[in-house]
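Me: Please take a close look at one part of this model, the salt bridge and the helices on either side of it in the listing. I would like one connected account.

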Amino acid sequence: MAQRRPHHDRGRTEPVSESTSEQQREDADVWSPLARYASEFFGTFLLVLGGVGTALFAANIPNATDNQQGVGYLGVALAFGLTLVAGISAVGHISGGHFNPAVTLGLLAAGRTDARHVAGYIVSQVVGGLVATSIIAAVLSGKSGALTAARDGGFASNGYGSASPGGYGLGSVFLAEAVLTGVFIAVILSITAKREYQAVAPIGIGLTLTLIHLVSIPISNTSVNPARSIAAAVYGGATPLTQLWVFIVAPIVGAVVAGLVVRVTGRRRITS
C-alpha cells in the first residue's frame with residue numbers, strides 16, 4: 001500500500017512504495033513502472049539462473065556418475081541465497097526486490113506494496129524465470145545427451161511422491177511449502193521494517209532463503225516461489241507440470257496468511 005509524504009526537493013506529495021525502507025530512502029516513486037518491472041524481471045532471472053543452474057550443472061544433477069564432485073544440496077541452497085542477495089542489492093531500491101509472486105502477494109496482504117504494480121510484477125517474475133531456464137536449456141543442448149538427461153531428471157523441478165527427492169507425499173510437501181513461505185514472508189516484513197537493518201537486509205533475507213532450501217530440498221526440491229517452479233516445470237516434463245499447482249498454491253497460501261497475520265497484529269515499518 002502506498003503512503004504519501006512530502007519530498008524536500010520537489011515541494012509536493014507523491015505516493016511512495018512501502019515495500020522496503022531502502023525504497024523510501026531512495027525515493028522509489030521516481031522510478032517508472034517499466035523500470036520496476038524490468039528490475040523484477042532481472043532479479044527473478046538471476047535467481048533462477050543461479051539456483052536452477054547450479055542444481056543442473058554443479059550439484060550431481062542429473063547424472064551422479066558424470067559429476068561426482070558436485071556442490072550438493074548445500075551448494076544449491078547457497079546459490080539461491082547468494083543470487084537473492086545480489087539481486088536485492090542491485091535493484092531492490094527500484095522495485096523492492098520481490099523476485100517471487102508469493103512475496104509480492106504476501107506484501108500486498110500485509111499492506112506493504114502498491115496494488116497497481118502487482119500484476120506487472122508477477123508477469124515480469126514469471127517471464128524472467130522462463131528466460132533463465134531457456135538459457136540453461138540452450139547451454140545443456142551444447143553437450144550430447146545433457147538436455148535429455150536434465151529433462152529425464154525433472155530439470156530441477158519441484159515435486160511430491162515419486163518426484164520428491166526424499167519421497168515425501170502431497171500433504172507433507174504442501175505443508176512444508178506453505179509454512180516455509182510464510183516464515184520467509186515474516187522475515188522479509190520484519191527485517192525491512194527496521195531502519196537499523198537497512199544495510200544488512202539483503203544478507204538476512206538471502207540467508208533465510210538459504211536456510212529454507214537446506215530444510216526443504218529433500219522434501220520438495222524447494223519452491224517457495226511459483227515463478228521458479230513454473231520456469232523449471234516447463235522443461236521438466238509431464239510429472240512436474242501435473243504437480244505444478246501445488247507449488248503455485250502452497251507458497252501463495254503461506255505468503256498471504258503470513259502477510260495478513262502481520263497486518264492484523266499491527267507490525268509496521270518504522271518511517272520516522
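Reply: Asp114 counts as buried, because its relative accessibility is 14% and the cut-off for buried is under 20%. This is a predicted model, and the values here are computed from it. The side chain of Asp114 meets that of Arg116 in a salt bridge, with 2.6 Å from N to O. Arg116, by contrast, has a relative accessible area of 54% and is therefore exposed, the cut-off being over 50%. The structure holds one salt bridge.

Next, the helices H4 and H5. H4 covers residues 101–109 and H5 covers residues 118–140. The two pack with their axes 9 Å apart, at an angle of about 165°. H4 is therefore roughly antiparallel to H5, since angles over 145 degrees count as such. The crossing in which H4 passes H5 is right-handed.

Then there is helix H3, made up of 24 residues, 72–95. At 1.5 Å a residue, H3 should span 34 Å, and the 32 Å between its end C-alpha atoms agrees with that. After H3 comes Gly96, which has a positive phi, near 100°.

Key:
Residues are numbered from 1 along each chain as its sequence is written. This is a predicted model: local features need pLDDT of at least 70, side-chain atom pairs count only at pLDDT 80 or more; totals for chains, interfaces and linings use all residues. Side-chain values use heavy atoms; hydrogens and water are left out. A salt bridge is a side-chain nitrogen of Lys or Arg within 4 Å of a carboxyl oxygen of Asp or Glu. Buried means under 20% relative accessible area, exposed over 50%, partly exposed in between (1.4 Å probe, protein chains only). Helices (H or I, at least four residues) and strands (E, at least two) are DSSP runs, numbered from the N terminus. The expected span of a helix is 1.5 Å times one less than its number of residues. Axes are lines fitted to C-alpha atoms, for helices over the stretch in contact, and angles run from 0 to 180 degrees between N-to-C directions. Angles under 35 degrees count as roughly parallel, over 145 as roughly antiparallel, 65 to 115 as roughly perpendicular and the rest as oblique. A crossing is left-handed if the near helix is turned anticlockwise from the far one by less than a right angle, and right-handed if clockwise.
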